[in-house]
Structures are given as structure tokens and as C-alpha cells.
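Please look through the structure shown here. Some questions and answers about its parts come after it.

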Amino acid sequence: MQKRAYFKANWLAYLFIAPQLLIIFVFFYWPASQAMYWAFTLEQPFGGGNQWVGLDNFKAVFSDETYWASIWRSIIFAVLSTGLAMSIALVLALFADRQLRGYRFFRVGMIWPYAIAAPAAALAFRFLFNPQSGVFAYLNTLSPGLWNPALSGVDAMTAIIITQAWKQVSYSFIFFLAGLQSIPRSLIEAGSMDGARVMRRMLDLQLPLLAPTIFFLLVINMTDSFTDSFGIVDILTEGGPARATELMVYKIYVDGFQGLDYSGAAAQSLVLMGLVILMTFFQFRFIERRVHYT
């Protein structure tokens, strides 16, 4: 019989988890509660108290055309980066699952980029996207000025989408590969014996069984695109040119730390949190119905 640790004194258990609870309170709940409070007050940028203004900060935020533009940019960015990352990760996982030559090195090599911090990845891609010496500089030899993220908003948005997708590919690849390898080989072999080709087996057997994994990655990657893209935008484009890449999470930084509008930035933080919650609810409410768990 397996023996389990048993503590007679409950205070000892609370003592063990106290440091973790203290860290969570100091670095998460306290700043979050402060942001919620500031969203309903007019906070002085250099101290000196505040004034309760109710919903005025939210009225100012939603009457700002640049804020609505940042919402649409964030949605486009999240959809395209998530779709690109999941598509590439699924194709790579299908190749790795077939155990082609060198698949072990390929599998390990795909996981490594996930350990690289977003600002470091953005710095590397800043060199790659350089219009004079980067990999896209070849486009300028075909047509001068065809690629220039510093001047073209479309090019700049393309650059941050590719960088964000590159960060998400590794994470998605791990889950797709684990999901594919959990499918019984006997099921795939039965499909082969029935005459189903590779594409037919993938569409009729593998993808339906991967539906829970696809849904999970869709929720995680979409949330990550909305909330964890600050480092990429700040290093690559700094929100430019002409605010073409100023996403919601970056506008909070611009208004709060550069414009010293703490109350407006706090209101934007709550709006972003509400949008992520609404998006997650929508995914669970309407998309999860099509997911069949085995």
C-alpha cells in the first residue's frame, strides 16, 4: 500500500503555501485592484491624490477613434498570427509524426524557439526584416521600396504577425505532435487498408480526433496574441509607422507611461480584459459545440 504524507496541524499546510499566496497577492491582485480603482478615478500623474469620475474614463476611451482603430488592428493581428502559427505547426507536426529521416532532430529543434523571450525574438527579426540587409531586402531589388516596415504600415503589420506566429509555432507544434501520437496506429492502418490516401486519412481520421487540441490551441494563441505581444511591437515597430501597429496592449503603454494618463490606461486595461473574456466565452459557447471529445 502506498503511504501518503499526513499533517495533523492545518497551520503547517497554510504555512507552506503562504509565500506563494503572498507573491500572487503582491504582484497580481494588488496591481490589478489598483488598475480597477484608477479606471474610475482621475489620477494625478505625479501624485497629489485623485478624484472619483465614475465612467468618464470609459466614455473618453470609446469616443477616441484611435482606440477603436487599435481594437480592429488587434483583432486582425490575433486572427492572422494565430491562423498562420497553427497552420504551420500542424503541417510540421504531421511530418514529424510520420517519423521521416531526421525527425528526432527536427522535433527537438522545433521546441527550442519556445524558450526564447519575445523581445529577443523581435530583436532578431528586426535584423531579418531590415529593408537593406534582411531576408526581405530581395524584394527591393525587384522593385525599389517594395519592402520597408519603417514606412509602410502593411509591411510593419506583416512583420509583427510573422514574428508572433513564429513564437506560437513551437508551442502549438508540441501539442499537435502529442495529439497525433495519441491516435491509435491501428486506426490509421485500418484507414489505409480501406484504401484511404494520406490526405483522406488526415481529413477524416486525424483532424476530427485532433479537434480538442485545435480548440485548446485556438483559445490559448488568441489570448496570447491580445495580451503578450507588447515586446514584439515595442522592439520591432514601436507602434509605427503612423500608429499602424499600435495594438491595444501597446496603446495602454503609450497612453499610460508616455502620455501619463494613468486613469485612461487603466480603463483600457479593463476593456482589454473584458474583450479577452468575451472572446473566450464566444469560443467556448459557439466553437466548442463542434468539438467531440473521445
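What follows is a set of questions and answers on a helix, its surroundings, a pocket, a cavity, some salt bridges and a loop.

Q: What kind of model is this, and from which number are residues counted?
A: This is a predicted model, in which local features need pLDDT of at least 70 and side-chain atom pairs count only at pLDDT 80 or more, while totals for chains, interfaces and linings use all residues. Side-chain values use heavy atoms, with hydrogens and water left out, and along each chain, as its sequence is written, residues are numbered from 1.

Q: How far does helix H10 reach from its first C-alpha to its last?
A: Helices are DSSP runs of H or I with at least four residues, strands are runs of E with at least two, and both are numbered from the N terminus. The expected span of a helix is 1.5 Å times one less than its number of residues. H10 covers residues 211-227, 17 residues in total, and its reach is close to the expected 24 Å. From first C-alpha to last, the value is 24 Å.

Q: Which helices are included in what covers the buried residues of H10?
A: Buried means under 20% relative accessible area, exposed means over 50%, and partly exposed lies in between, with a 1.4 Å probe and protein chains only. The buried residues of H10 include Phe215, Leu217, Val219 and Met222. Contact means heavy atoms within 4.5 Å. The cover includes H3 (65-97), H7 (153-181), H9 (198-209), H12 (248-258) and H13 (262-287).

Q: Which element gives the largest share of the lining of the largest pocket?
A: On a 1 Å grid over the protein atoms alone, a pocket is an open set of points with protein on both sides within 12 Å along at least five of seven lines, a cavity is a set where a 1.4 Å probe fits but cannot get out, and lining residues have an atom within 4 Å of a point. The largest pocket holds about 330 Å³ of space, and of its 13 lining residues the closest to its centre are Leu94, Arg98, Val198, Arg201 and Gln206. At least two lining residues come from each of H3, H8 (185-193) and H9. The largest share, five residues, is from H9.

Q: How many charged residues are in the lining of the largest pocket?
A: Ala, Val, Leu, Ile, Met, Phe, Trp, Tyr, Cys and Pro count as nonpolar, Asp, Glu, Lys and Arg as charged, and the others, Gly among them, as polar. The lining has seven nonpolar and two polar residues, and the number of charged ones is four.

Q: What is the volume of the largest cavity?
A: A search of the whole structure finds one cavity of 30 Å³ or more. Its lining consists of Ser74, Phe77, Ser225, Phe226, Ser229, Leu247, Met248 and Val249, and H3, H10 and H12 each give two or more of the residues. Grid points are joined across faces, edges and corners, and a volume is the space filled by probe spheres set on the points. For the largest cavity the volume is about 30 Å³.

Q: Is lysine 251 buried or exposed?
A: Lysine 251 also forms salt bridges with glutamate 246, at 4.0 Å, and with aspartate 255, at 3.3 Å. Aspartate 255 and lysine 251 lie four residues apart in H12, about one turn of the helix. Because its relative accessibility is 2%, lysine 251 counts as buried.

Q: Where is proline 241?
A: The peptide bond from glycine 240 to proline 241 is cis, with omega near 0 degrees. Glutamate 238, which has a positive phi of about 55 degrees although it is not a glycine, lies in the loop between H11 and H12. The place of proline 241 is in the loop between H11 (230-236) and H12.

Methods. Salt bridge = Lys/Arg side-chain N within 4 Å of Asp/Glu carboxyl O.
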